[in-house]
Amino acid sequence: MKTLAAKLKIAILNGKLMRVPHPGPSTWARCPKLCVRSIATQTKPAMAILDDYLDIAKPHFSHIPSSQLSITAFHDSLPAFNHPHTSAAEKQAIIDRLKPFTIISSMRERTPFPGDLLHALPNLKLLLATGTQFETFDLPTASALGIRVAAAPGRGRTDGKPSSRPPRPKLDIKKGGSHPTTQHAWALILALARNVAADDAAMKSPAKAWQSQLALGLTGTTLGVVGLGRLGAAVARVGCLAWGMRVLCWSENLTQERANRKAEEMGLPVSGGYALEPGQPTFRAVGKEELFRSADVVSLHYVLSERSRGIVGERELGWMKKSAMLVNTSRGPLIDSEALYDALENGRIRGAALDVFDIEPLPAESPWRSTEWGTQGRSNLIITPHMGYVEDGIMHTWYEETAENLERWLRGDALLHGLN
């Protein structure tokens, strides 16, 4: 049986990227068809829209005359410049693609911008980012090179221009408001617990099967939250209110006092949130081992850093109950993928649900894409293509904010939400 590393190596070597002839910047694609579309004539300055997988960016910039700006939207994905599997040839291809552009519009951290890459882009003057996390952007180097970096935080345009989309309800977290990732995390937890994906596949299979296995009820079970920040606390709140779950929390520096404050911020009582333990804190801070040994569901909501990379490994997976489930909607490298693959291949836990991966998009030959999960003693596995934030409202809001900052830059006005 091949290890995950061996299978991933095959995935990287076979069919990862192929060169596609195209006038203008070199284009690399994961499919034989052209994955890039120019949406304006080639003039200077020039802007690249990166990682527009679903081709939704174009309408937000169509009002800008082509005489002022040329815009090229890329619908494929670049390999991460600083990933250890990215070859020298692939790095050069990234540079060749991005080098002509004065402005780059990025989608969250789909394309990292380390210092080595920024140094290789002499024409870049403006980097328009989206979201709120920029750990893969070397902001000090950008500043030193005179590259302005500005964010799109998701609050909408500031100039009063109407949105192209219906307004999104803004609800307080205490009254049901939540982040898209909170919803996706619970979609994965429920799909895994209730066998939604497995039963759907079985019923549509040539065998036309019926029930595949018993579902796992969540009422009164234990939810382990790794990382009690904004998203982790929101996921914990749902578990507490919807299913009466006991909530255990852990992070490197989490104290019970901070966990109590989070419960209050979520509109929950400091203690008594779990009916079977009325005297215990609603969000109970525990040690890492206690969380992994006790939880029926472990959900990751940790910021990725060099310290947190591989924070869930062979040891932590070994602590988990055989009936437990692991869900990751945060960042792929938080989990040691080799250790998780081995645990799932040998059925050591009930299952896992992954929305994030070490390499994204997930290579076509990745062993995570196998249809054999949940069979012959293997654990169940649900995978989704990093959909935690890919929601109609927030995606279009980010592009609207990006368009406003682009207009301001073209007029020579001060940028909004500057990062450097």
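1. Buried, in this note, means under 20% relative accessible area. The structure is a predicted model. Phenylalanine 74 has a relative accessibility of 1%, so it counts as buried. Phenylalanine 101 also has a relative accessible area of 1%, and therefore phenylalanine 101 is buried.

2. Aromatic pairs come next. The count for this model is ten. One of them joins phenylalanine 74 and phenylalanine 101 in an edge-to-face arrangement, with 6.1 Å between the centres and 90° between the planes. This pair links distant parts of the chain, as the two residues are 27 residues apart. Phenylalanine 74 belongs to strand E5 (residues 70–74), while phenylalanine 101 is in the loop between helix H2 (88–98) and strand E6 (103–105).

3. A tilted pair is formed by tyrosine 389 and tryptophan 398: the centres are 5.8 Å apart and the planes make an angle of 45°. Both tyrosine 389 and tryptophan 398 are buried. Elsewhere, Phe113, Phe134 and Phe137 make up one aromatic cluster.

4. Charged side chains also sit over rings. Lysine 91 has its charged end over the ring of phenylalanine 81, 5.4 Å from the ring's centre. Arginine 110 lies over the face of tyrosine 53, and the distance to the ring centre is 4.1 Å.

5. The largest nonpolar core contains 32 residues. Val298, Leu326, Leu340 and Trp368 have the most contacts inside this core. Elements giving two or more residues to the core are strands E10 (246–250), E12 (297–300) and E14 (351–354), together with helices H9 (288–294), H10 (314–319) and H11 (337–345). H11 provides the largest share, five residues.

6. Leaving aside residues up to four places away in sequence, leucine 340 touches Leu317, Leu326, Ile335, Ala352, Leu354 and Trp368.

7. Cysteines are the last point. The disulfide count is zero. Cysteine 240 has a relative accessible area of 8% and is therefore buried. Cysteine 249 is buried too, because its relative accessible area is 0%.

How values were computed
Residues are numbered from 1 along each chain as its sequence is written. This is a predicted model: local features need pLDDT of at least 70, side-chain atom pairs count only at pLDDT 80 or more; totals for chains, interfaces and linings use all residues. Side-chain values use heavy atoms; hydrogens and water are left out. Rings of Phe, Tyr and Trp (its six-membered ring) pair if their centres lie within 6.5 Å; planes under 30 degrees apart count as stacked, over 60 as edge-to-face and the rest as tilted. Helices (H or I, at least four residues) and strands (E, at least two) are DSSP runs, numbered from the N terminus. Buried means under 20% relative accessible area, exposed over 50%, partly exposed in between (1.4 Å probe, protein chains only). A charge sits over a ring if NZ of Lys or CZ of Arg is within 6 Å of the ring centre and within 35 degrees of the ring normal. A nonpolar core is a set of buried Ala, Val, Leu, Ile, Met, Phe, Trp, Tyr and Cys residues joined through side-chain atoms within 4.5 Å. Contact means heavy atoms within 4.5 Å. A disulfide is a pair of cysteine sulfur atoms within 2.5 Å.
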